[in-house]
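Have the viewer open and follow along.

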Amino acid sequence: MSDPIHPRGAKPRHLTPGRIGLYAFLVFAAAFFLLPFYVMVVTSFKTMPEIQQGNIFSLPSKLTLAPWVTAWAKACTGVNCEGIRVGVLNSFKIMIPSTFLSILLGAINGYALSFWRPRGGNLIFAVLLMGAFIPYQVYLYPLVRMLSMVSLYNTLPGIIVVHVIFGMPVMTLLFRNYYAAVPVDLFKAARIDGGGFWTIFTRVMLPMSGPILVVAAILQVTGIWNDFLFGLIFAGRDHLPMTVELNNIVNTTTGTKAYNVNMAATILTAMVPLIVYFVSGRWFVRGIAAGAVKG
Amino acid sequence: MDSSVSVRDLRISYGALDVIRDLQLDIAPGEFLVLLGPSGCGKSTLLNAIAGLIDVSDGEVWINERNVTWDEPKDRGIGMVFQSYALYPQMTVEKNLSFGLRVAKHSREDIDKRVARAAEILQIEPLLKRRPSNLSGGQRQRVAIGRALVRDADVFLFDEPLSNLDAKLRVDLRVEIKRLHQRLRSTMVYVTHDQIEALTLADRIAVMQGGAIQQLDDPLTIYNRPCNLFVAGFIGSPAMNFFRGRLEEGADGVRFRGQGIETPLAGYDGDTALLPGREVIFGMRPEHLLFDQDAVGRPGQVEAVVELEEPMGADSLVWLTLGEARLSVRCGSGRRYRPGDRVPLAFDISRASIFDAETERRL
Amino acid sequence: MKPLRLRRLSAQAALIPTWVIVIFAYLGTILWTIRISFTSSGILPKYDFVGFEQYERLFRSARWIISVQNLAIFGVMFIVGCLVLGFLMAVFLDQRIKGEGIFRTIFLYPYAMSFIVTGLVWAWILNPTLGIQHAMHNWGWTSFSFDWLARGDRAIYMVGFAGIWQSAGLVMAILLAGLRGIDEDIWKAARVDGIPTWRVYISIVIPMMSGMFVTAIVLLAIAVVKVYDIVVAMTGGGPGISTEVPAKFVIDYLFNRQNIALATAAASVMFVAVLVVLGPWLYRQYFRKERRAA
């Protein structure tokens, strides 16, 4: 063979400039996305004097847990100085029933719309689609009035009802899409076996809805936890969720700003959805894809 | 040896798993070679390795006397057709055909000439302005073949091109591909799991199993003289009848005895001597059994009991029990059989295959 | 067995809560809102009729005009930024790289956090006295100046920037799923055709993923129209009224400034705008397809 190199086996791989650039971009992007989290964490462990002299990117010279204690139990929201712990409890009280009820309603709707083709089904579907896309501002004022009429405004059940109402479009679309992929023959077979509306739902459809229930739960837990607007307007002073409390703590005008306390409170607020995100992993991505409501 | 495609000492592994090991294959210029085997046998992997679409772990690939082991697919002088057509969905047929040429900066006239020729050969001129989504499956696959055609390739690679088509179209396009080969006289390597496609199209068939070529021969040899039990069982539909037993010395030479069947083996077209005492598997294709009137007066004639009949139009398949064995026979559709009928049966030993029970190789 | 009609009846009964919500909470509220926008209501609703007076007031209001302008700036920056960054990340993650899972997790985690958290963090980093600028001075770059968050003409860009940080991962996730869904054979065919990778992306893959892009754009556009939390957390609408947005305008006039007629007029404008933009898309996406399937 005159060829000095005789190609045989796998082609030798070289690290090309393109490949290096690719990793450089990814590492740079990762740094950009991680930076705020890093700043949040280091700030929350610094003392205020250090924050005022030092720079936001440096590690704390001596670790202090005081900001966390203050954020949890002593930070002031206006006149109340009970920390963010009240908000945590409120957020759970709002999130758990809202998640459960909105998923239940969405599942029933999705099931009824996909298999039973009820009268007016298309109208429901159209309104829900619209509801998923239209800014909430349009509904707010009349909804406040309606809830006051039935004495639900500024109550815990009131804010739960609001979450169920506005969670319904996405939940319904989610389950409708999921059930649309279930073979109709399965439904027909269940009908021939004598199953009624509820029997088929609880015995056939729900048991095979595991994946979508997980996705729905992820969407609702993070979505309701992260809500600010509804909590602000509908929850009432005694049930303000954590996001609203957090904003009140940070934007309280009394005294000097305690940035370390603010950041500790911010991390605490972000904690629940972040845990959901890291634990659920690929399911979260599935939730996004499903939430993207592809027809 | 003058070869168009040559694969030498090929090994492909994913981690510790060898998908293909120590494989040799030489394909002559202008030959139509079919890689045939069940799914997971490594046939598509081999084709992709020839195309340069997957990295080989060891060994070499030569195309037209050139070592292309490290070459990009586009530099190998190949055209390829895929099972899923892999047409570019947002482009018209014409753009699909010409896209590669335009990227390679061919002149406008050259591109037009090649596209026109391919379109003429495949009779897709009326489709040139359409998009793949507006074409039927058969039309799409023609366009996919056209895309390989415009590349003026020396070697065409087909990866199960007809598997996504319905039965009728599959037959039509099969004929079309054969015609194309006769017209172009290019080397073609064709992967399929369909034995009818393999038998009808191939100059030679490579039957693959477990990442290795089991037998590489012309279709009739593969069919009539399968080199081992796997090939014998894989080729032919309905499958060959197998009987377990042993070879024995008899008055008229070596005999087969097993599963309640006994027959002299005089006239067997074997590769090695038949030694008495050996455990063997005796194989007969359903169409090579002598049945009813044909069997009368033949040596080793026996009587079998009809279990059921499957009329198939041109002929019928009759399922029989004989001793402890159950077997199928293909026969003319002239006469109907009823369950329980007793019919004479004989073996045409010259067309039988006998395999060593241990090595499963043909004797 | 119960007769068929009864079974359908239980399906209808199961949908009663849904009907109540649809009729009262969705359709009823929209009509009510639009009705109020044609009145002269102040703190309390008054059911007179003053025609388009509130709408005229609205479009004479500097604050509303600035809100709309800000929405446009934020919207364009946010959507384009998320699409470009998200697409690049998706494509780069699709190159069989090491540590894909880690990178993907890092790129997407901001999306799990609320706009409130996002706004507060970035407000802190961009804090004109103690944030980036201070850090740079500390590191010896004393001439460094970055006070956009405190400048009326620049603050909205910083809000957009924080928004991109939060949502680019969403686009990445959607497009990466799209890229993974592309037939492996298309890539093989393109390699046999000798088409360079970047060209495959531009000429073949992007057109194939147009549906995914539309989905991403719609999701981002919804976030744009609803944008409220991040402004509240990051700037409170300031400095002055320089980062006000329509959603905040409505809330402020409803609950703080007690001018519900003007607020509902603004809400109605938002409603109609969204309906005009999204209506045709929704119809095409859901109902036309439905009919074809049936």
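## A helix pair in chain B

B:R108 is partly exposed, with 46% relative accessible area (buried is under 20%, exposed over 50%, partly exposed in between, using a 1.4 Å probe and protein chains only). Helices here are DSSP runs of H or I with at least four residues, strands are E runs of at least two, and both are numbered from the N terminus.

A few ground rules: this is a predicted model, where local features need pLDDT of at least 70 and side-chain atom pairs count only at pLDDT 80 or more, while totals for chains, interfaces and linings use all residues. Residues are numbered from 1 along each chain as its sequence is written, chains are lettered from A and ligands numbered from 1 in the order in which they are written, and side-chain values use heavy atoms, with hydrogens and water left out.

Over all chains, a search of the whole structure turns up 39 salt bridges. Side chains of opposite charge can pair when their charged atoms come close. One of the bridges crosses between chains: the side chains of B:D9 and A:R8 meet at 3.0 Å, N to O. B:D9 belongs to strand β1 (residues 5–14) of chain B, and A:R8 to the segment before α1 (17–44) of chain A. Each end counts as partly exposed, B:D9 with 29% relative accessibility and A:R8 with 33%.

Back within chain B, B:E309 forms a salt bridge with B:R336, with the closest N and O atoms 3.0 Å apart. This pair links distant parts of the chain, 27 residues apart: B:E309 is in strand β16 (residues 302–311), and B:R336 is in the loop between β18 (325–332) and β19 (342–347). Is each end buried or exposed? B:E309 counts as buried at 14% relative accessibility, whereas B:R336 is exposed at 57%. Elsewhere, salt bridges that share partners join A:R8, B:D9, B:D58 and B:E60 into one network.

## Where chain B meets chain C

The contact (heavy atoms within 4.5 Å) takes 23 residues from chain B and 17 residues from chain C. About 1,800 Å² is buried between them, and carbon and sulfur atoms give 63% of that. Buried area is the accessible area, with a 1.4 Å probe, that two parts lose on being put together, summed over both.

The rule finds two salt bridges across this interface. The side chains of B:R151 and C:D193 meet in a salt bridge at 4.0 Å, N to O. Seven residue pairs are in polar contact between chain B and chain C, both residues at pLDDT 80 or more. For a polar contact, a pair of N or O atoms lies within 3.5 Å; within protein, one must be able to donate a hydrogen and the other to accept it, and residues adjacent in sequence count only if both atoms are side-chain atoms. On the chain B side, β6 (78–81) and α2 (93–103) each supply at least two of the residues that touch chain C.

## A tryptophan in β17

B:W319 lies in strand β17 (residues 315–322) of chain B and counts as partly exposed, at 27% relative accessibility. Leaving out residues up to four places away in sequence, B:W319 touches several others, among them B:V305, B:L308 and B:R326. Its side chain also makes a polar contact with the side chain of B:E310, at 2.8 Å.

## Chain A, all in all

The C-alpha atoms of chain A fill a box of roughly 90 × 75 × 30 Å along the principal axes. Of its 295 residues, 54% count as buried.
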